[in-house]
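Q: Can you walk me through this model? I'd like to go piece by piece.
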Amino acid sequence: MAESDTDAIKAVLAGETAQFEDLIQKYSPRVFATARRYARREVEVEDIVQEVWSKAFQKLGSFRGEAPFEHWLMRLAVRTCYDFLRGHKRNREHTFTELSDPERDWLDRFGRDPGRDTEDADAARALVERLMGMVSPKARLILTLLEIEERSVKEIAQLTGWSVSLVKVRAFRARAEMRKCLARISADAYL
Amino acid sequence: MDLDKLQAKLIQVARDQVISNHVPFAFEKRIMARLGSVRSMDLATFWARSLWRAAAVCLAVSVLLSLWSFTSTADSDAITLESTVLSMAEQLSDNW
């Protein structure tokens with residue numbers, strides 16, 4: 001672990017809380033990037049990151065130093081993002097909004113010629129966001145870590161606190177769930 | 001529509017998307033201010049919890065003593081308690 005991180009953590013635990021600001025400055029970009037994978041609105045992103053740092057401060061005494069501080073922090077960040085997804089899913093109304101015209105056009109072009117490099121990246125990204133919004137929080141977390149960020153099963157187990165076998169089971173279910181949602185999107189495109 | 005290809009394409013779009021790591025201006029200052037207020041609240045919470053626990057203990061002692069006074073046989077136990085307390089008080093006043 002970087003000596004500056006060790007020194008900063010020791011100082012914070014000894015009561016020099018101002019040193020915590022150095023850690024926030026150093027690792028906030030990574031935490032923000034992580035949060036932006038799971039929340040669309042910037043106000044939600046900021047809430048998530050604030051929650052991550054609040055938990056990090058409260059739990060700093062439990063940090064053993066066996067792994068880099070960044071790994072410990074990212075575990076906290078992923079779990080906070082998962083909590084956000086679960087809370088957000090409960091509050092959201094479960095309505096499937098109609099596809100926008102750009103999304104329909106993109107799907108139509110893709111359907112006619114899947115091999116062709118389709119234009120309108122915004123429509124494609126909107127479809128990705130729509131798909132991620134349709135799956136359960138567990139599925140979204142697994143799909144983001146496994147498929148989009150291409151992390152290994154072992155890494156995901158460490159980040160989430162789930163066992164390796166549980167990650168595999170959830171990955172299988174998440175892919176099946178995504179498949180169902182894709183079928184629904186595809187069917188909606190032709191209505 | 002080939003769902004496998006659609007899935008692969010959308011996953012690739014998600015992978016290619018560049019996620020911003022921008023940190024809002026003075027964000028760390030806001031966090032530090034928030035952590036400061038959380039620490040103050042924790043001290044108040046600690047005191048409140050301690051006082052409530054002390055009140056609970058006092059209440060338990062009162063209830064036990066009340067039960068004991070109700071269930072004790074006739075007045076003998078009450079008289080014993082009274083005489084014990086009074087004799088202690090007399091001893092204290094003698095020592096003065």
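Q: Is helix α7 (residues 137–148) of chain A mostly covered or mostly uncovered?
A: Mostly covered: ten of the twelve residues in α7(A) are buried. Buried means 20 or more other C-beta atoms within 10 Å of the residue's own, exposed means 12 or fewer, and partly exposed lies in between; C-beta atoms are placed from the backbone. Helices are DSSP runs of H or I with at least four residues, strands are runs of E with at least two, and both are numbered from the N terminus.

Q: Which residues of α7(A) are buried?
A: A139(A), R140(A), L141(A), I142(A), L143(A), T144(A), L145(A), L146(A), E147(A) and I148(A).

Q: Before I go on, what kind of model is this?
A: It is a predicted model: local features need pLDDT of at least 70, side-chain atom pairs count only at pLDDT 80 or more, and totals for chains, interfaces and linings use all residues. Residues are numbered from 1 along each chain as its sequence is written, while chains are lettered from A and ligands numbered from 1 in the order in which they are written.

Q: What comes just after α7(A)?
A: E150(A), with a positive phi of about 55 degrees. E150(A) sits in the loop between α7 and α8 (153–160) of chain A.

Q: Is E150(A) buried or exposed?
A: Exposed, because E150(A) has 10 C-beta neighbours inside 10 Å.

Q: Now α5 of chain A. How far apart are its end C-alpha atoms?
A: They are 16 Å apart in α5(A), residues 101–112. The expected span is 1.5 Å times one less than the number of residues. For the twelve residues of α5(A) that gives 16 Å, so the two agree.

Q: Which residues of α5(A) are buried?
A: E103(A), W106(A), L107(A) and F110(A). Those four cover an arc of only 95 degrees around the axis, so they are on the same side of α5(A). The arc is taken over the directions from the helix axis to the C-beta atoms. On the other side of α5(A), D101(A) and R112(A) are exposed.

Q: What do the buried residues of α5(A) pack against?
A: They pack against α6 (121–134) and α9 (164–189) of chain A, together with α1 of chain B.

Q: How many residues of chain B are in contact with chain A?
A: 26 residues of chain B contact 32 residues of chain A. Contact means C-beta atoms, placed from the backbone, within 7 Å.

Q: Which elements of chain B give two or more residues to that side?
A: α1 (3–16) and α2 (27–71) of chain B. α1(B) gives the most, with ten residues.

Q: What is that side made of, by class?
A: 15 nonpolar, five polar and six charged residues. Ala, Val, Leu, Ile, Met, Phe, Trp, Tyr, Cys and Pro count as nonpolar, Asp, Glu, Lys and Arg as charged, and the others, Gly among them, as polar.

Q: How is chain A divided?
A: Into domain 1 (1–92) and domain 2 (95–191). The bounds come from an automatic or database domain assignment. Over C-alpha atoms, the domain centres are 27 Å apart. Their contact takes ten residues from domain 1 and nine residues from domain 2.

Conventions
Contact = placed C-beta atoms within 7 Å.
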